[in-house]
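Q: I would like to learn how to read strand pairing and helix packing in a model. Could we take one feature at a time?

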Amino acid sequence: MTVAPMDTPASPQQTEVVIRARADHHLIHDIADVWTNRDIAWTLALREIQIRYKQSLIGIAWALLQPVLTTAIFTFVFSYLARIPTDGIPYPIFVFSGLLMWQYFSRVVVEASGSLVKNEAIITKVFFPRLLLPLVPTLSAAVEFLIALVVLVAMMLAYGMVPSPLIVLLPLILLAAGLLGYGIGLVLSPLNAIYRDVGIALPFFVQIAMYLTPVIYPVTFVPPQYQWLYALNPVATLIDTMRAIIIAAPWPGLLSYAVLAAWVIGLTALGLGTFRKLEPAIVDRI
Amino acid sequence: MSAIITVDNLGKQYALSGTGAPAYATLRESLADAARRLFSRAPATEQKEAARSFWALRNVSFDVAEGEVVGIVGRNGAGKSTLLKVLSRITAPSEGTARIRGRVGSLLEVGTGFHPELSGRENIYFNGAILGLRKHEIRARFDEIVEFSGVGDFLDIPIKRYSSGMKMRLAFSVAAHLEPEIMVVDEVLAVGDADFQKKCLGKMKDVANSGRTVLFVSHNMNAVMQLCSRVLWLERGSIREDTRAVHEVCGRYLLGSGGALKGAYITAEDSPLDSEYFSLRSFRVVDAEGSTLDQPTPNDRPATVEIEVDIHRLSPLLNFGFAVIDEQGQQVFWSVTTDRAEHEWPSLSLGRNKLYAQIPPHLLNEGKYRVDFFASLHGQGWFSEPGSTSAHVQLQIAGGLSPSPYWRSRRPGSAAPVLTWHAGSTRESD
């Protein structure tokens, strides 16, 4: 057989790793590990996208068709039948912009929560920072978000609306939504590995949460004495911000952003804490 | 000091759920359990039992120098795989530390992370990334990986259509081309055809020869002997032996233990072996005087295999025999009571029978052997098959090879017959 040529090994001193009991690990090391292994997250996200569309007949068009069909149905039901007012914005544009954001967020929550169970075969055989796994859906779902965003812009042009240049701020909103979903995923993914009920119940609660979020109706449709409640809903703030940017809807108040920031920070911290506490046990149990 | 791996007092504790509960539970079960515990005080001991744990690895310390090839051997459950999992950071230790100076490439299960829907090409990139390679590094090695795996023609079809052999070749190929400073390999040689095993061994030798460090778990002592310069023998989670006398330790590992040889298998003391047709009483290797051989015996003296059975039912199909197996696990020969012409068979009678056959002098080479008892109804099935679970004894041949002044030490081969040489011209016409 042919002897494969070998490079001389890099100086081993470069990468000393000390393996020790889990309790001695520091958060900062774990986060640094995530950063140095970010290639893996990208690879996993790309694989996710490849797999999702590989076997479907219409491939990537499915990413467009789904929100478009939903928009059509919602427009029929909530605009034509229920006549929900949308502050002068054409209902399809209104609901599509909300759906985009909601679908991104809910996809991240559901998929991040299932990420440990789904990748069981890998995590018991190969080492890489497990914190990466719930992060993958934030990337793969962003691709679908961007595809659908193109459709939204096309729809707006068809209605004679021009997107505001503030659209460049969208990545920031996506980042906040991704972090929110990631935080929830960090809490739920180890729980899901222990109690499979979590994975069963989650889609139901996500469905309900959509109706508590101004996706299909504007906050102004809600009786004034309850409107303050929406400031507590971080996804409502994100959706309203998205509409403010794209279709010049009113901006949420400063309080809403303070609450959003609190949610992002709180959930990420809670998530990191839960995940780091439960994850080692899960690798041994799975 | 050039230790590339320093393991210090490493331990790994696993929780045992006493009831053999599944790895995951439902929330309902957990809640019900909690409620039950709340309302009954009795099963405190049961809880303790459930919380029982065991140490898969304990007090393990060793250093590995750069470029060493270390074989890790031990029975199932000795902690080999746990050790590799800790060293490749898949699971965290419960105590102690391990310092690793270099990138670890681990191949703990072949085909890890392959996705059935993706093509071979896509899986190479994914697998490489998961094992720690950057995209450009994979690209640089891609052709080499494909060539070594020999699946070049199938690169663009989904992995799910690959045979398991192809999958494995591809996985090994990716891992072997990682070029990590430390390569950790668990039992890949247990699967795959002989050709591929040879290729894997060759590749691991290359890796070792290029100065990289290899940790290699295997039950295949031949491979360990060929590849390793050092052996760690794990037993019940601890290091039983850490030695560079690879051949010697592999031999002892195969024989089961050090010390005196086990020359007799007595069913009253070992485990019984009964059937409708017979009960085995003892199985022994004895010398010319009839006493059990528990010491090495020279090759110029006969060793006799002796079987004592109580026969309950007679059948012309009933036969007994033994198999001689060498240190590498190769069967050297079998011998059966019905090997000769029918009228020369030993006649069996109901009740106690003593059957014996002599292993002639100058047949086996020097070395340790296992002699396995077996019995069958000819053409109908085994009562006891030759193999690791059957009744067996040990036999060691040492010295007595030949009176020749030129033949003093062990020659290669399993047999060491002393043939007679003649001089003559009978075949001159050739």
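A: Start with one residue pair in this predicted model: B:Ala3 is placed opposite B:Ala65 of S2(B).

Q: How many bridges join strand S1 of chain B to S2(B)?

A: Nine bridges connect S2(B) with S1(B), residues 3-15, and the two strands run antiparallel.

Q: In what order do the four strands of the open sheet come?

A: The order is S1(A)-S4(B)-S1(B)-S2(B), with antiparallel pairing. At the edges are S1 (16-20) of chain A and S2 (53-65) of chain B, each of which pairs on one side only. On average, neighbouring strands are turned by 15 degrees against each other, direction ignored.

Q: Which helix packs on the sheet?

A: Helix H3 of chain B, residues 80-87, does so, touching S1 of chain A as well as S1, S2 and S4 (95-101) of chain B. The direction of H3(B) makes about 65 degrees with that of S2(B).

Q: How are two packed helices described?

A: One gives the angle between their axes and the distance between the axes. Here, H8 (170-194) and H9 (197-211) of chain A pack at about 130 degrees, with axes 7 Å apart. That angle makes H8(A) oblique to H9(A).

Q: Which residues meet there?

A: From H8(A) come A:Leu188, A:Leu191 and A:Asn192; from H9(A) come A:Val198, A:Gly199 and A:Leu202. By class, this contact has four nonpolar, two polar and no charged residues.

Q: What does the UniProt record annotate in chain A?

A: The unreviewed entry marks "transmembrane region" at several spans, including 88-110 and 131-160. Residues 88-110 of chain A are 87% helix and 0% strand, with end C-alpha atoms 33 Å apart. For residues 131-160 of chain A, the values are 77% helix, 0% strand and 44 Å.

Technical notes:
Residues numbered from 1 in each chain as written. Chains lettered and ligands numbered in written order. Predicted model: local features only at pLDDT ≥ 70, side-chain atom pairs only at ≥ 80, totals over all residues. Axes fitted to C-alpha atoms, helices over the stretch in contact; angles between N-to-C directions. Parallel < 35°, antiparallel > 145°, perpendicular 65-115°, else oblique. Contact = placed C-beta atoms within 7 Å. Nonpolar A, V, L, I, M, F, W, Y, C, P; charged D, E, K, R; others polar. UniProt positions renumbered as here; feature names shortened; annotations may be inferred. Pairing = 2+ DSSP bridges.
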